[in-house]
Amino acid sequence: MRPLLVTAFLLCLMPHPAGAVQIVAGSQEDKVFQQITAEADGDAKLQRLAEFEKQFPRSRVLSHVYLMAIELYRQKNDTDRVVEYAEKVLKLDERNVTAMMVLSRNYAMQRKNLDRAIELAQKAVEEIGKMRASPVPATYTVSQWKDYLDTTEASARNILSYTTGVRGK
């Protein structure tokens, strides 16, 4: 169980292939986003994240803001908030593999929504397969992209196995 925890944690910190999403440098949105990333205190960062969501509800980086919130709530062991924000990510980006894996794992750990947990883990594995067939993002070398996909797929398969095992009990 511990390797699964660490793997899911690391995935939230990894750069995301869709990382080409940008905001206008110097804009108010950028300034607020920079304040969030510079904030070291977890509770203060969560407050800034909530303010960002209210101030910029249509931001193109909102899914990344939600992923930051997921990690902070994970550190606080607040699984209900982890699930809430992972669901928000999927509403904005239905192909977000990290959110799928976080939800699958957390639903399995809570022993609820197990059919959805399995479906999300399977979908994550499928999405990674599609990502393998797409061009390498400009922010990655071929080797980095392959390593990212290999690691992410292994994690997704581990979560799928875990989730399937939980449902079988």
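Which side chains meet in a salt bridge at 2.6 Å, N to O? Keep that in mind while you get your bearings; the tour will come to it.

**Before you click**

What you have open is a predicted model, where local features need pLDDT of at least 70, side-chain atom pairs count only at pLDDT 80 or more, and totals for chains, interfaces and linings use all residues. Residues are numbered from 1 along each chain as its sequence is written, and side-chain values use heavy atoms, with hydrogens and water left out.

**The whole protein**

Start with a cartoon view. You'll find eight helices and zero strands, running α-α-α-α-α-α-α-α from the N terminus on. Here helices (H or I, at least four residues) and strands (E, at least two) are DSSP runs, numbered from the N terminus.

Of the 169 residues, 44% count as buried. Buried means under 20% relative accessible area, exposed means over 50%, and partly exposed is in between (1.4 Å probe, protein chains only).

What about contacts, meaning heavy atoms within 4.5 Å? Among those with a separation of 6 or more, residues 24 or more positions apart account for 60%.

**Stop one: D43 and K76**

Back to the opening question: select D43 and K76, whose side chains meet in a salt bridge with 2.6 Å from N to O. D43 is in helix α3 and K76 in the loop between α4 and α5 (79-92), so the pair ties together parts that are 33 residues apart in sequence. The rule for a salt bridge is a side-chain nitrogen of Lys or Arg within 4 Å of a carboxyl oxygen of Asp or Glu. By that rule the count comes to 14 salt bridges. Side chains of opposite charge can pair when their charged atoms come close.

Color by accessibility if your viewer can: D43 is partly exposed at 47%, and K76 is partly exposed at 43%.

**Stop two: F56**

Next, select F56, in the loop between α3 (42-55) and α4 (62-75). Is F56 buried or exposed? F56 is buried, with a relative accessible area of 15%. Show what surrounds F56: leaving aside neighbours within four places in sequence, it is in contact with Q28, E29, V32 and L62.

**Stop three: inside α4**

Move along to E71 and R74, another salt bridge, with the closest N and O atoms 2.9 Å apart. Both residues lie in helix α4, three residues apart, about one turn of the helix. An α-helix has 3.6 residues a turn, so residues three or four places apart point the same way. E71 is buried at 6% relative accessibility, while R74 is partly exposed at 24%.

**Stop four: helix α6**

Select residues 97-110. This is α6, with 14 residues reaching 20 Å from first C-alpha to last, close to the 20 Å expected at 1.5 Å a residue (the expected span is 1.5 Å times one less than the number of residues). Of its 14 residues, 12 are buried, so α6 is largely enclosed by the rest of the structure. Among the buried ones are M100, M101, R105 and Y107.

Zoom in on the start of α6, where a side-chain oxygen of N96 reaches to within 3.1 Å of the backbone nitrogen of T98. Then go to what follows α6: R111, whose phi is positive, near 55 degrees, although R111 is not a glycine. R111 lies in the loop between α6 and α7 (114-133) and is partly exposed at 47%. In that loop you'll also find N113. N113 has a positive phi of about 50 degrees, and is not a glycine either; it is partly exposed at 42%.

**Last stop: α7 meets α8**

Finally, select R132 and D150, a salt bridge with the closest N and O atoms 2.9 Å apart. R132 lies in helix α7 and D150 in helix α8 (residues 142-168), so the pair ties together parts that are 18 residues apart in sequence. R132 is partly exposed at 35%, and D150 is partly exposed at 29%.

Definitions and conventions:
A polar contact is a pair of N or O atoms within 3.5 Å; within protein, one must be able to donate a hydrogen and the other to accept it, and residues adjacent in sequence count only if both atoms are side-chain atoms. Contact means heavy atoms within 4.5 Å.
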